[in-house]
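Hello,

Here is the structure I promised to send over. Have a look at it first, and then read on for what turned up in it.

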Amino acid sequence: LQRDQKQNDSVNLSLLGGLLVPGFKKDSCSSRYQSYLYRKASPYRPSLYLLSKLRAYEELHKRCGPGTKPYSNAKRLLKPKQTGDLESEGCKYVVWMEFSGLGNRIISIASAFLYAMLTDRVLLVEGGEQFADLFCEPFLDATWLLPKDFTLTKQFSGFGQNSAQCHGDMLKRKLVNSSSVSSLSHLYLHLAHDYNEHDKMFFCAEDQDLLKSVPWLIMRTNNFFAPSLFLIPSFEEELGMMFPEKGTVFHHLGRYLFHPSNHVWGLITRYYQAYLATADERIGLQIRVFDEKSGVSPQVTNQIISCVQNEEILPKLSKSGEQHKQPSEEDVKLKAVLITSLTTGYSEILKTMYWENPTVTRDVIGIHQPSHEGHQQTEKLMHNRKAWAEMYLLSLTDKLVISAWSTFGYVAQGLGGSRAWILYKQENQNNVNPPCGRAMSPDPCFHAPPYYDCKAKKGIDTGKVVPHVRHCEDISWGLKLV
Ligand code: GDP
């Protein structure tokens with residue numbers, strides 16, 4: 001009986017409190033079943049309502065996804081001389097177009113998935129070969145990959161803010177009304193960082209109402225736009241039930257959707273076992289300096305050291321001659337620091353510093369950095385595998401420090417479910433004071449939110465409308481859920 005109980009407990013743990021469903025082939029995606037062995041249980045429980053929405057979504061995806069009759073019919077709607085006698089059998093879609101760096105991809109796909117759940121659409125992702133190499137399929141007996149022969153794929157590169165089927169541009173040309181939109185088979189939504197005031201009308205309830213009749217929405221985005229969905233009255237109530245703890249949207253949806261493929265899981269587990277497993281405490285430090293050419297900057301070095309020492313994430317150094325109480329052998333802790341960065345400069349400094357000097361606590365500090373790729377190389381498979389493995393490894397640490405503005409760090413924080421310390425951005429090489437601060441919630445920041453009151457038809461501060469949508473810690477004009 002005890003053994004049965006133990007087995008039940010481990011099944012429950014591996015399925016993350018009901019977030020995941022059983023039934024997947026274990027060998028095809030080891031991370032789905034093993035991640036719980038590497039990370040602490042989440043401090044946040046998914047709501048029963050969220051679980052029921054996920055189960056309903058899975059049914060919808062299975063019924064309407066690629067390979068099904070409704071999918072073929074819906075695809076036929078996209079053919080130019082479509083006569084209109086086809087039924088899409090209630091299946092509607094949102095297609096996420098491949099765009100931007102990996103962190104941006106992950107947080108924007110999570111937003112698109114939330115939007116799909118709210119609007120009863122099936123989410124399909126354009127990922128090319130790489131996507132399947134990085135992530136497992138998240139939905140049982142179905143694929144979320146947009147098939148290669150998708151009717152509009154060849155037109156994707158031409159989709160932009162000025163293209164004929166762009167929602168924002170149509171608004172600008174006053175072509176959007178219920179009768180014009182209801183005859184459309186597809187619309188392009190431009191929701192990337194550079195979108196304009198017309199594109200931003202996507203976040204108005206009235207436009208959402210019109211979009212309901214369009215079977216295919218093709219979306220280009222690199223943002224975590226969930227916070228602004230919470231400000232749309234028609235979504236508000238449902239979102240409140242799905243996420244009673246508001247700042248956990250990415251935390252839950254990220255853990256639900258993004259399971260490292262077996263290749264990436266190998267990178268993660270080998271690294272973890274070799275460098276992190278035996279430590280008493282694991283610390284993640286993500287160093288993202290956007291100005292790649294600058295090399296090691298003394299200001300950034302100071303900022304990092306002040307942050308980790310002031311916040312007591314790492315101990316201060318013991319100066320020679322200083323007397324400290326000697327801790328007993330078993331009180332001496334091994335702290336393993338996982339540093340991720342495109343270059344090695346900062347980790348070399350920390351490594352040398354903690355080798356040359358004892359610490360005031362006598363704790364021993366190990367500094368480890370898996371890769372130093374030099375610069376972003378999104379087109380390369382192994383580069384992306386490493387980037388994904390590193391985000392995931394950071395998410396397994398006990399304490400996490402991330403860099404301002406970086407979606408790479410947001411993913412680590414969100415998956416881990418921690419409130420990280422954020423290293424504020426240095427402007428003009430000045431010293432930042434304080435060097436870092438604690439995040440309000442594990443969710444990412446929406447870097448480019450709209451500032452518009454759709455009802456009053458005027459600009460407003462959307463960070464001051466409801467208490468759970470606020471300005472971000474690292475970007476004053478951004479919005480985040482707390
Ligand atoms: P962001 O630019 O920081 O918001 O994050 P993105 O992930 O969207 O884009 C940055 C890309 O640069 C990553 O996806 C990686 O390809 C690369 N990159 C940046 N920092 C690191 C790092 O610490 N480790 C690795 N392996 N790659 C990185």
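**What was found**

Helix H13 passes H16 in a right-handed crossing. Please keep in mind throughout that this is a predicted model. H13 covers residues 262–276, and its axis lies 9 Å from that of H16, at an angle of about 50°. The two helices, H13 and H16, are therefore oblique to each other. On the H13 side, the residues that meet H16 are His263, Val264, Leu267, Ile268, Tyr271 and Tyr272. Their partners in H16 are Arg385, Lys386, Trp388, Ala389, Tyr392 and Leu393. Sorted by class, this contact of H13 with H16 has nine nonpolar residues, one polar residue and two charged ones.

H16 also packs against H17, here at an angle of about 45° and with the axes 7 Å apart. That angle makes H16 oblique to H17 as well. The crossing of H16 past H17 is right-handed. From H16, the contact uses Met391, Tyr392, Leu394 and Ser395, while H17 brings Phe408, Val411, Ala412, Leu415 and Gly416. Seven of the residues in the contact of H16 with H17 are nonpolar and two are polar, with no charged residue.

The axes of H5 and H17 are 7 Å apart, and the packing angle is about 50°. H5 and H17 are therefore oblique to each other. In this pair the crossing is left-handed. Gly103, Asn104, Ile106 and Ile107 of H5 meet Thr407, Phe408, Tyr410 and Val411 of H17. The contact of H5 with H17 has five nonpolar and three polar residues, and again no charged ones.

**Around the ligand**

Which residues come nearest to the ligand? Of the 20 residues around the ligand, they are Gly101, Gly103, Gln376, Ser406 and Thr407. Helix H5 (102–118), helix H16 (381–395) and helix H17 (407–416) are the elements that give two or more residues to this shell. H16 provides the largest share, with four residues. By class, the shell around the ligand divides into twelve polar, four nonpolar and four charged residues.

How is the protein chain divided? The domain assignment gives domain 1 (39–257) and domain 2 (262–444). The shell around the ligand draws at least three residues from each of these two domains. Their C-alpha centres lie 34 Å apart. Domain 1 gives 21 residues to the contact between them, and domain 2 gives 24. On the side of domain 1 that touches domain 2, at least two residues come from each of H5, helix H6 (128–134) and helix H12 (249–257). That side of domain 1 has nine nonpolar, nine polar and three charged residues.

**Two backbone details**

Finally, here are two spots in loops to look at. The peptide bond from Asn433 to Pro434 is cis, with omega near -5°. Pro434 is found in the loop between strand E9 (421–423) and strand E10 (436–438). The other spot is Lys174, which has a positive phi of about 55° although it is not a glycine. Lys174 belongs to the loop between helix H7 (167–172) and helix H8 (178–182).

Happy to go through any of this with you on screen.

Best wishes

Methods. Residues numbered from 1 in each chain as written. Predicted model: local features only at pLDDT ≥ 70, side-chain atom pairs only at ≥ 80, totals over all residues. Near = placed C-beta within 6 Å. Nonpolar A, V, L, I, M, F, W, Y, C, P; charged D, E, K, R; others polar. Domains from an automatic or database assignment. Axes fitted to C-alpha atoms, helices over the stretch in contact; angles between N-to-C directions. Parallel < 35°, antiparallel > 145°, perpendicular 65-115°, else oblique. Left-handed = near helix turned anticlockwise from the far one by under 90°. Contact = placed C-beta atoms within 7 Å.
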